[in-house]
Every structure is written in C-alpha cells, then in structure tokens.
Amino acid sequence: MDLDVFVTAHRTEWDRLDHLLRRGRRLTGAEADELVVLYQRTATHLSLIQSTAPDPLLTARLTQLVARARATVTGTRKASWRDAAHFLTTGFPAAVYRSRHWWVPTAVLSILVAALLGWWIGTHPEVQAAIAAPEDLRAMTRPGGEYETYYSSHPAASFAAQVWTNNAQAAAMCLVLGAFLCLPVIGILFLNMLNLGIGIGLMSSAGRLDVFLGLVLPHGLLELTAVFVAAGTGLRLGWTVIDPGPLSRRTALAQQGRAALGMAIGLALVLFVSGVIEGFVTPSGLPTWARITIGIAAELAFLAYVYILGRRAVRAGDTGDLTAVERSAEVPSAA
C-alpha cells in the first residue's frame, strides 16, 4: 500500500471526524450518524495502516482519534454499587466456574504433591535431619511448640491482616506471573506445597499429625482453594501465550488478563475471610471439631457460591469479562 496515496485519499474524512468531535454535543441527528460512520471507517483505516504500512506518527494520531470517537459514541459510565453487586453475584463466580478445568486439576495435583512430600519427610529421618537439627525439630513439634504457638503469637486482628496481605500477594503473583509461560506459577505452587509437606512430615513423625491438621484445616481449606484458583488462572493465562486459539494472541491475552484482574479482586475478598478465620478461629479455645467444622462450612459455602451462582451466570451468557460496551474497541484485522 502506498501510504502517501492512502493518506491523501482519507485525510478529509479524518479531519471531518476531528471537527465533529470538537463540536461535542452540538451535533444534529445527521451529524451524529456521520460521526459514527466516520469512526468505523477510521478504525478500519488504523487497522490497515498498522498491518501493512505502520507509521508511528500517523498511527499515534489515528489511535487518539479513534479513542476520542469511541468515547463520544459509546459514552462514559461511572461504577456504582449495582456494578459491585453484579460482580460479586455474577461476574466473579462466573469467572471462577469457567476456569474450573484449570484450578480443580491444579488443586488435586498440588495436594497430592504435598501429601507425597509429607510422607517422604515423615518416613526418612535423614531428610528431617537435613531440614533442621534434632533439638530444633523437637522444639517445633512438641506440645506448645512453634507449630502450635505460631497462630497465637500476635494479636488476632494484626495477625489476620498480616496473613491476608501475604496470601493476597501470593495469589496476585500467580495471576500476574502466569503470563511468563506458566513457570513462575509452578514454582510458587511448589514452594507452598513444600511448606505444607514439611509440616505434615515433621508433625506426623512426632505422632502429632492430628494436632497439625486441627490447626491448618480451619483456615487452610478456603485459603488453599483461593491459591489454587489463582494458580489455575495464572496457568491458563500462560497457556494463552503459548496457544491463543482462534483469536490473535493480543486479543486472547486481553480477554484472559481482564478476567485475571477481576479474579484478583474477588480472591482478595475470599482470602480476607480466610485470614479472619486464621486470626480469630484457629488460635481460639474452641474444640478441634468445632474449628474444623467452621473451616469446612466456609469451604462448602465458597464451592456452592461458585458452582451454583457461577454455573447459573455462565448459562445466562456471563463470562466474567467486561461487557462489549465496557471493553476497548477492537479494530478489524486486515485480510
């Protein structure tokens, strides 16, 4: 394509679109219709230039022009409490439900890895000796040792806030770093499962696995589920880089990235609940069965939230992504 000829042929349309945009709301009905037509044409022109004869200055001008036109044509809207309610009751559970084929296998494999690590550590004294000195291991696993006092070592409110911050950071890292071909997510998951496996192995070798599970399960069920959802979403994002499917890599990544951003917000709320349980329920004087029951109830509530509200939302056509009006305009691809 001869760029100079193309610019000469269409400069008048671009200038006319710019003129209509400057007039703002003082347009007649015919001028408003003309603005929409010129916006669509200019978007197509921008796509053609980007794909066949990219020119930085012209591309920047047309990109700005198309963005201004889109804002005028579609209008702007402010977020409201209705949007927040829609996100919590529809968007977030739909996104989690749609990604279940990623995070459910991630959860199963991760728990299996943690169990195998726990068995290996618990049945091999030489591995335990490599972790810490025998007297340090006894200090950690004995009644009233570090594994038990950890959850009551700080005031409940500050401990819950600290736990929530740490877990939210781990989940965010899984979501963000997934784009790097999945490898960072696998590393984060393995470190989490290694820490869990060490606790299982050391406490089981001391004959106190029941105590350890009584401390971990109340908050750990919901906490680990949130981490698995984040990891599964990160892995899905990373796989999109490798195989974007029928969409362009840019479009596919944009869709998955928007879903991951919404997932991060929703999972922060889930981890907040888990942090509250860890700060106030886990170290409480409640019987072990009562604390575990609270943890199971929280986990079942979340799964019901995802599989009931999420399935219903997906069947109604919600994907957890922004609506077509809220998304950035996608210019046509040149043939």
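**View 1. Trp164, a partly exposed residue of helix H9 in a predicted model.** Trp164 is found in helix H9, which runs over residues 156–177.

**View 2. A nonpolar patch on the surface.** Trp164 forms this patch with Phe272, Val273, Val276 and Phe280, and together these residues have about 440 Å² of accessible area. Helix H12, made of residues 249–281, gives the most to the patch, with 4 residues.

**View 3. Helix H10 and the glycine that follows.** Helix H10 covers residues 183–205, and its 23 residues reach 32 Å from the first C-alpha to the last, which is close to the 33 Å expected at 1.5 Å a residue. Among the buried residues of H10 are Val185, Ile188, Leu189 and Met193, as well as Gly197, Gly199 and Gly201. After H10 comes Gly207, whose phi is positive, near 70°.

View 4. Over residues 170–191 the chain is 77% helix and 0% strand, and the end C-alpha atoms lie 11 Å apart. Residues 289–308, in turn, are 100% helix and 0% strand, with 27 Å between the end C-alpha atoms.

Methods
Residues are numbered from 1 along each chain as its sequence is written. This is a predicted model: local features need pLDDT of at least 70, side-chain atom pairs count only at pLDDT 80 or more; totals for chains, interfaces and linings use all residues. Side-chain values use heavy atoms; hydrogens and water are left out. Patches are made of residues with over 30% relative accessible area and no salt bridge: like charges are joined within 9 Å, nonpolar side chains (Val, Leu, Ile, Met, Phe, Trp, Tyr) within 5 Å. Accessible areas come from the Shrake-Rupley method with a 1.4 Å probe; for residues, only the protein chains shown count as cover. A salt bridge is a side-chain nitrogen of Lys or Arg within 4 Å of a carboxyl oxygen of Asp or Glu. Helices (H or I, at least four residues) and strands (E, at least two) are DSSP runs, numbered from the N terminus. Buried means under 20% relative accessible area, exposed over 50%, partly exposed in between (1.4 Å probe, protein chains only). The expected span of a helix is 1.5 Å times one less than its number of residues.
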